[in-house]
Amino acid sequence: MEIFHDLGCVQIDPIRAVERTQWLVLWSRLGHFEPADLDALLWDKRQLFEYWAHCASIVMTADYPIYRLHMRDWLVGDKPWMKRFRKWLDDNQDLQHHILGELGQNGALTSRDFKDRSDRTWESSGWTTGQNVTQMLNGLWRLGQIMVSGRKGLTKYWDLSERCLPEWTPGDELDWPEAVRRAAQRSLRALGVARPAHIVEHFTRGRYPELQIVLDQLEAEGQVIQVQINEDGQTWPGNWYIHAEDISLLDQLEEGEWQPRTTLLSPFDNLICDRERTEELFDFNFRIEIYVPKAKRQYGYYVMPILHGDKLIGRLDPKMDRKKMQLQINAVYAEADAPMDAKTGAAIAQSIDNFAAFLGTNDINFDGHVPPTWKLT
């Protein structure tokens, strides 16, 4: 829960080329942990739940008032997709009533348990055409009427929201200025230092109306402070902010209390989810190539950046072969300015060993290119 309090949200993604991304994000920070503990926080203690943050994510129940406002206003507006989805919902009242009625009568159910009672088929330019039940479930989820009450593998169990939320769920009714006030502070604390554009791309991505007004108010109150970032005698442009409660962390950095380490990051990790910020702060160009044809990929299908201290120094192209229980390393790439010494290589090798142990194996196979001076094999 401390990690979730620091991050605000952790993205969910069904791709499991190595392991589930929510587990990888936690492993990068905690080291070896029991995924069952995460399940307990989600499905037993209900301190966490699934909703839309910067993407489909695991979020904190303590932040529910922020999300309740998003649920209420999800389809409020004149954007074409909003009008289109509102019309589709109106045309499929029977399907809505069927899903809500079945959940009310029977409790948690999967998508397969519902009949397609749609009067108008969902159409899209992508793969969701005709998936009427799934689209309705997602719509009712975004509107806050239903929630994911549990999972078995990738299978979601849905239930009415009032059955999923614990009694202690905060009941605050927020307006947008207060929601932005809370979300902006959560986003800024997760980022450390940030410009307004970075805050907008983090946590509740894209939902920060009148952010600058809110930041000005927080600054006047002493809740946030403007800072300068200097590098090689040059001051970085733009207005940069830090939360007042994090000023002490700067002192710890100067006093040498921070201990650098080496770890691997999920391609969906919070640290790199804003690609432009990643380039700005780390000079690290990162793009997910999952949907790029194999022949056109530069680095690989499911590439994990290598975080070494405060630098992103390379990337790993791994795959977990669960039949053989073998971690395959298809290639390792070093950034142009990466330290190419045996000490750095030893730190990376240890991180890979720890990662394999978390995946439940000590069998690691290096198939492709590895920088020779890192001596990983």
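**Group meeting: strands, helices and cores in a predicted model**

Let me begin with strand 2 and strand 3, which run antiparallel and are joined by five bridges; strands here, like helices, are DSSP runs numbered from the N terminus, with at least two residues in state E for a strand and at least four in state H or I for a helix. Two strands are said to pair if DSSP finds at least two bridges between them.

Residues are numbered from 1 along each chain as its sequence is written, and side-chain values use heavy atoms, with hydrogens and water left out.

Back to the strands. A hairpin of three residues connects strand 2 to strand 3, and among the bridge partners across this pair are Leu 48 with Met 60 and Trp 52 with Ala 56. Strand 2, residues 48-52, is mostly covered, with four of its five residues buried, where buried means under 20% relative accessible area, exposed means over 50%, and partly exposed lies in between, for a 1.4 Å probe and protein chains only. The two strands belong to an open sheet of three, in the order 1-3-2 and with antiparallel pairing, whose edge strands, strand 1 (9-11) and strand 2, each pair on one side only. On average, neighbouring strands of this sheet are turned by 30 degrees against each other, direction ignored; axes are lines fitted to C-alpha atoms, for helices over the stretch in contact, and angles run from 0 to 180 degrees between N-to-C directions.

What lies across strand 2 and strand 3? Helix 4 does, running at about 30 degrees to strand 2. The axes of helix 4 and helix 9, residues 176-191, come within 9 Å and cross at roughly 130 degrees, and these two helices are therefore oblique to each other; on this scale, angles under 35 degrees are roughly parallel, over 145 roughly antiparallel, 65 to 115 roughly perpendicular, and the rest oblique. The crossing is left-handed, a label used if the near helix is turned anticlockwise from the far one by less than a right angle, with right-handed used if clockwise. In this packing, Pro 65, Ile 66, Leu 69, His 70, Arg 72 and Asp 73 of helix 4 meet Trp 176, Ala 179, Arg 182 and Ala 183 of helix 9, contact meaning heavy atoms within 4.5 Å.

The loop between strand 3 (56-60) and helix 4 (64-73) holds Asp 63, which counts as buried because its relative accessibility is 7%. Leaving out residues up to four places away in sequence, Asp 63 touches Arg 186 and Phe 203. Phe 203 sits in the loop between helix 10 (196-200) and helix 11 (211-220) and has a positive phi of about 60 degrees although it is not a glycine. Asp 232, in the loop between strand 8 (230-231) and strand 9 (234-235), also has a positive phi, near 55 degrees. Are these two residues buried or exposed? Phe 203 counts as buried at 0% relative accessibility, whereas Asp 232 counts as exposed at 77%.

Helix 2 (residues 21-30) and helix 14 (residues 342-359) have axes that come within 12 Å and cross at roughly 135 degrees, which makes helix 2 oblique to helix 14, and their crossing is right-handed. Trp 23, Leu 24 and Trp 27 of helix 2 meet Ser 351, Asn 354, Phe 355 and Phe 358 of helix 14.

Phe 355 returns in the largest nonpolar core, where, of 93 residues, Ile 199, Tyr 302 and Phe 355 touch the most other members; such a core is a set of buried Ala, Val, Leu, Ile, Met, Phe, Trp, Tyr and Cys residues joined through side-chain atoms within 4.5 Å. Apart from it lies another core, of seven residues, including Ile 272, Phe 284, Phe 286 and Leu 307. Tyr 302 is found in the loop between helix 13 (275-282) and strand 12 (304-308) and is buried, with a relative accessible area of 1%.

Within it, strand 13 (residues 311-321) and strand 14 (residues 326-334) pair in the antiparallel sense over eight bridges, and Lys 319 stands opposite Gln 328 in strand 14.

Note on methods:
This is a predicted model: local features need pLDDT of at least 70, side-chain atom pairs count only at pLDDT 80 or more; totals for chains, interfaces and linings use all residues.
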